[in-house]
Every structure is written in C-alpha cells, then in structure tokens.
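This report describes selected features of one protein model, beginning with a ligand and its surroundings and then turning to strands, helices and a loop. The sequence and the structure are shown first.

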Amino acid sequence: MRRLVLVLGDQLCEGLAALDAADRTRDVVVMAEVRDEATYVRHHPKKIAFLFAAMRKFADTLRDAGWDVRYTRLDDPANAGSICGELLRRAEETGAQEVLATEPGEWRLIRALQHCPLKVHLLEDRRFLASHADFDRWAEGRKSLRMEYFYREMRRATGLLMEGANPAGGQWNFDHENRKPAPDEVAIEGPLRFEPDETVSEVLDLVERAFPSNFGRLRPFWFATDRAQALQALDRFVADALPRFGDYQDAMLDNHRFLYHAVISLYLNAGLLEPREVCEAAEAAWREGHAPINAVEGFIRQILGWREYVRGIYFREGPDYVTRNVLGHARALPAFYWGAETRMRCLAKAVEQTRDEAYAHHIQRLMVTGNFALLAGVEPHQVHEWYLEVYADAYEWVEAPNVIGMSQFADGGIIASKPYVSSGAYISRMSDYCRSCAYSVTKKTGKGACPFNLLYWHFLDRHRARFEGNPRMAQMYRTWDRMDEDRRATVLAEARDFLDRIDAGETV
Ligand code: FAD
Ligand code: DLZ
Ligand code: SF4
C-alpha cells in the first residue's frame, strides 16, 4: 500500500524520520505552501519567503534523489489551504490512506494532524541531540530544571568538548569571560549573503503579492535557501566571527546588526543545518587553534544546551504553556513594536532591524524588547505572538520557552531563576545606544529620565510579594528600600505617568 510522507516547511532534511521510514520506490512525498500555516500569525515576509524558497529547492533535491514529490504552490487553484486538507487531497489522488509524518514543532499542528481523518503515524523528530525520553529522564524528580546541569549531561552524552570524563579546557562554562561591552568597531563583514536566484525571485514576487501588509521588509532578501548555501554561511561564521563570539556575545551596537553572531538559527530550525555538525565545526576550530575556548564553549552551549533544553521544556509543559501569565500582566503591546515612532533609541533600533532583517540577536531580544515588555507589564501572550511573527527562526517549540519563560517570567520560574529585568544602566554598559538617545540613561527621575530606570523600580515594587524572598533579588530590594520615601514616590508616579502615556497612544 502506498503511503504519503509529509515534509513540513521546517523539516527540510534528507535524514528526516518520515523519509527514513518511507520507501522511495512506492511512497509519495507531500509538501505544500498553505494559507493556514502562512497566516496563523502574520509572519514576517522574509520568513515566509525563506521557507517557501527553501521548500521548493528541497522538493527538487528529493526528486533528484528519486522521490515522487507532490508539491503544492500557494497560488495553485487546487490548493486546499491547510496541511490536513492537502494530505486528504493527495490521498484521494494516489489512493494512499496512511501518512508518515515527523512530529511538528508546534502543538497546534500536532493536534491538527491527530484530528486529520487519515491514519497519521507521528514519528519523533530525530534532528535533535536529546530525545523526549532523554529530556524526561533528566528532568524526572528534579526540583528545578536549570539549563546548566542539563547542558553538562549533554556534553557527557555527546562527547562534545570533552577530554575523557572532563570538560575540555578544564571548565564546563566560560561565561564570566563572555560579557565584554560593545567594541568600538566590528572588523568583519557579517553573515554571508546570497543573491536571489530564479527560485527565490519567483517566491519573492509571490510573497509580495500574497502578503502585502505583513510587518517587515521583504527586500533586500539575502538568506541562504538550500543546504549548500547554509553550509557556506556556517563556514563564513566559523572563519570570521567565531573567534570573537564569546567576548562580544552580550554586546549591542547602533550601527552593526549582527556583531559576531552566527545568524544560523533559521537554517538550523528549518533543517538546512544539523546541530551536531554545527557544534563539531566549532569544536574543530578550537582544536585547530583558530578560536579560543571561551568562544567555542559559549557557542556550543547555546546549541547543545539552550536549544535542546528549551525544546525539552516546550514539550514537557504542554499546549497551555503559551497562555501562562503568573504575573497577571495585561497591557497591550505598544505600537512602537510595530514600527511606530519612539524616542527610546535602543527600542527603535531593535525594532528597525527586526523589520529589515527578521533578525535580532539574543541580547536585543532579551534585554531590549523583552525587558521593556516585562517591565511595562505587557500581556505575555501578545509578546509571544509578536516574537513568533517577526523572527525568521521562530516556531513555538523554541520561541515560546524563550519568550514566555526566559524573557517574560510568565511560567513562574521554570526556566529563569529570576526575571531578566534591568534598568538603563545595563543597556548603557553593553551598547552605544544611549549615546544617541533622546533620554538620559544617567537620569533616574525628571524630564528626560530613561524610561527603563523608572519602570525597573515600578516592576520590583508591584511584584514585591513574589520576588522579595528570592535571594538573587534581595540586593535590588535593599537598594530600593534605602532610597528616601519621597524619591520612591516620585519614581513610581513618573513610571505610572509614562505607562499612561503609552496606553493613550502617545509617542514616548
Ligand atoms: P547565535 O548567538 O550565534 O547563537 C548560535 C545558535 O545558538 C543560534 O543559532 C541558536 O540556534 C542557538 N541559540 C542561542 N540561544 C538560544 C536560545 N536561547 N534558545 C534556543 N537556541 C538558542 N531562537 C530561535 O531559534 N527562535 C526563536 O523564535 C527565538 N526566540 C527568542 C525570543 C527571545 C525573547 C529570546 C531572548 C531568545 C530567542 N531565541 C530564539 C534565542 C536566540 O535569541 C536566537 O536563537 C539567536 O538570536 C539566533 O541568532 P544567531 O543564529 O545569530 O545566534
Ligand atoms: C511557518 C510556515 C509557513 C509560513 N508556511 C508553511 C507552509 O506553507 N507549509 C508548511 O509545510 N510549513 C509552513 N511553515 C512551517 C510550519 O508552520 C511549521 O512546520 C509548524 O509551525 C511546526 O513547527
Ligand atoms: Fe534605551 Fe534608556 Fe539608553 Fe535611551 S537612555 S537607549 S531608552 S536604555
């Protein structure tokens, strides 16, 4: 009996579980550009174009390898509009009644496949270094699920950056060396860019027509869209940027969007690169003396540690994770997240590059856009939807734990031991944004005071009952309590006034 083999837009890998379980002489691969997936949030146009172009090229790769691929374009009049609808249509066309599918990265689509009136075999996605069972085994019985311990387990299990039973370089973690402030200059060109070829150009025209009002610039489009290009982009990163990745991992610069970051998350998450090969390339650079241990360990920790860990949390916590809101935050997402004017330079620049590139690096996501939303008390689900829409690497399995958990503390501390909040001082130390801001980062109150300074204390004050007993936050409360009462009242009143002005839609 013929079976259908579903390959989703973020499953573009020849070793995919569903392909592996199928018979290329008999089974039929189904790939489809569908409205439901393209509109469940209003994705950035670059994200849609990247996926459609990469899907089309991957379909050709599979055909070259002998597969019968039934590919549906978005503008095909017969397009059923959803993944399940397309499976049903292809089932009728081919007589197949069973589907081999690899577990999607969002509960939403897992549910849709489970409810599809065909026999769907959901196979575990093996593109990760930890299986669900591995993660559950590690998590079982632990009071807290801190990434660092999971990461050490993963180093031991994979042998990556190990010298026998010991961590290479004599330490598990070199993070204390990785907090240098922004450099004056960045001496590298940044991520490798690719001119649109015929397939990409055709997709760009389609996306322009079909999604004319989604937030984000479609052109210039420069992402890699096939495995060979993604490997070249990885090579460029290892050769140029990796050696200084560690030093400047947390830095931000007004005129440099990528610094020493890899810009490969979109390729990893779509299946064009595999996590192990990326970690091995970084490790080889250290062993060859090309990159220092603090850079290579820091980089590998992001992939072997954080990336695998957040996926484990997403699947362990279940579908309701994205609705959590333990801090009871209810404010609407301010209009400047969608490009409306703001005088806050850090936010304006982070949003501008998000609009242009469908990319911001980790510290911009965490300590600028994320920090502000948390301090201002924005409803976490709105924050979650924003991140899912605007970044080219965003799928719920990785986005939600980072946003709901790490950034907004809406899960009550499963991922973060304390909320990632800071005043303007942190942004000033790690970036050059404040130098050209309309606000003054050194002003704590009064006209022109940096809003992060006001909102920081407002956040701590309004959540005192929850956080004052947290030993990692005791110092913050001591500092607050040492301020005289009038000053505290002024800070809180000015913070309230600032929030009222946001709610009223004023430019802040
Ligand atoms: P680099 O800084 O060069 O890091 C290398 C790789 O490590 C990345 O490509 C990525 O695969 C992995 N990585 C690093 N940090 C994380 C992390 N916290 N979680 C998972 N993987 C990580 N990453 C996504 O892939 N998709 C998302 O939707 C996403 N949303 C985020 C939302 C928030 C609020 C925050 C704070 C972080 C989010 N991240 C997300 C993690 C991280 O910001 C991006 O992976 C990273 O910025 C991608 O750029 P890069 O490839 O240049 O990464
Ligand atoms: C994100 C996305 C988009 C925009 N479009 C498609 C599509 O048309 N067809 C498809 O198979 N996949 C698409 N995707 C990726 C899916 O949404 C993704 O597989 C799920 O969100 C699970 O991670
Ligand atoms: Fe951002 Fe405040 Fe610095 Fe302005 S002064 S860039 S608002 S941290």
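In this predicted model, a nitrogen atom of ligand 1 lies 2.9 Å from an N or O atom in the side chain of Asn 402. Taken alone, ligand 1 exposes 810 Å², and the protein buries 99% of that area. Two further side chains make polar contacts with oxygen atoms of ligand 1, those of Tyr 359 and His 362.

| Residue | Atom of ligand 1 | Distance |
|---|---|---|
| Tyr 359 | oxygen | 2.6 Å |
| Asn 402 | nitrogen | 2.9 Å |
| His 362 | oxygen | 3.1 Å |

**The shell around ligand 1**

**The shell around ligand 3**

The residues around ligand 3 include four cysteines, Cys 346, Cys 434, Cys 437 and Cys 450. Also in this shell are Met 344, Arg 345, Gly 424, Ile 427, Tyr 433, Tyr 439, Val 441 and Phe 452. By class, the shell has ten nonpolar residues, one polar residue and one charged residue. Helix H13 (345-357) and helix H17 (424-430) each supply at least two of its residues.

Phe 452, from the shell around ligand 3, is also one of the buried residues of helix H18. Helix H18 (residues 451-462) has twelve residues, which should span 16 Å at 1.5 Å a residue; the end C-alpha atoms are 16 Å apart, so the two values agree. H18 is mostly covered, with ten of its twelve residues buried. The buried residues run from Pro 451 through Phe 452, Asn 453, Leu 454, Leu 455, Tyr 456, Trp 457, His 458 and Phe 459 to Leu 460.

**Parallel strands**

Strand S1 (residues 3-6) pairs in the parallel sense with strand S2 (residues 28-32) over three bridges. S1 also pairs in the parallel sense with strand S4 (residues 98-102), again over three bridges. In S1, Arg 3 and Val 5 point one way while Leu 4 and Leu 6 point the other way, and all are buried. The bridge partner of Leu 4 in S4 is Val 99. On the S2 side, Val 5 is partnered by Val 29, and Leu 6 by Val 30.

S2 is joined in turn to strand S3 by five bridges, and these two strands run parallel. Val 29, the partner of Val 5, stands opposite Val 69 in S3. Are the faces of S2 buried or exposed? Both are covered: Val 28, Val 30 and Ala 32 on one side and Val 29 and Met 31 on the other are all buried. Because five of the five residues of S2 are buried, this strand is largely enclosed by the rest of the structure.

**Helix H3**

Helix H3 (residues 45-64) has 20 residues and reaches 29 Å from its first C-alpha to its last, close to the 28 Å expected at 1.5 Å a residue. Since 16 of the 20 residues of H3 are buried, this helix is largely enclosed by the rest of the structure. H3 is followed by Gly 66, which has a positive phi near 100 degrees.

**The loop containing Asp 76**

Asp 76 is found in the loop between strand S3 (68-72) and helix H4 (83-94). Its relative accessibility is 28%, so Asp 76 counts as partly exposed, given that buried means under 20% and exposed over 50%. A polar atom of the Asp 76 side chain lies 2.8 Å from the backbone nitrogen of Ala 78. Asp 76 and Glu 33 are 43 residues apart along the chain, while their C-alpha atoms are separated by 9.3 Å.

Conventions
Residues numbered from 1 in each chain as written. Chains lettered and ligands numbered in written order. Predicted model: local features only at pLDDT ≥ 70, side-chain atom pairs only at ≥ 80, totals over all residues. Heavy atoms only, no water. Buried < 20%, exposed > 50% of the residue type's maximum accessible area, 1.4 Å probe, protein only. Helix = DSSP H or I, 4+ residues; strand = E, 2+ residues; numbered from the N terminus. Pairing = 2+ DSSP bridges. Polar contact = N/O pair within 3.5 Å; in protein donor to acceptor, adjacent residues only side chain to side chain. Areas by Shrake-Rupley, 256 points an atom, 1.4 Å probe, with all protein chains shown as cover. Expected span 1.5 Å × (residues − 1). Near = heavy atom within 4 Å. Nonpolar A, V, L, I, M, F, W, Y, C, P; charged D, E, K, R; others polar.
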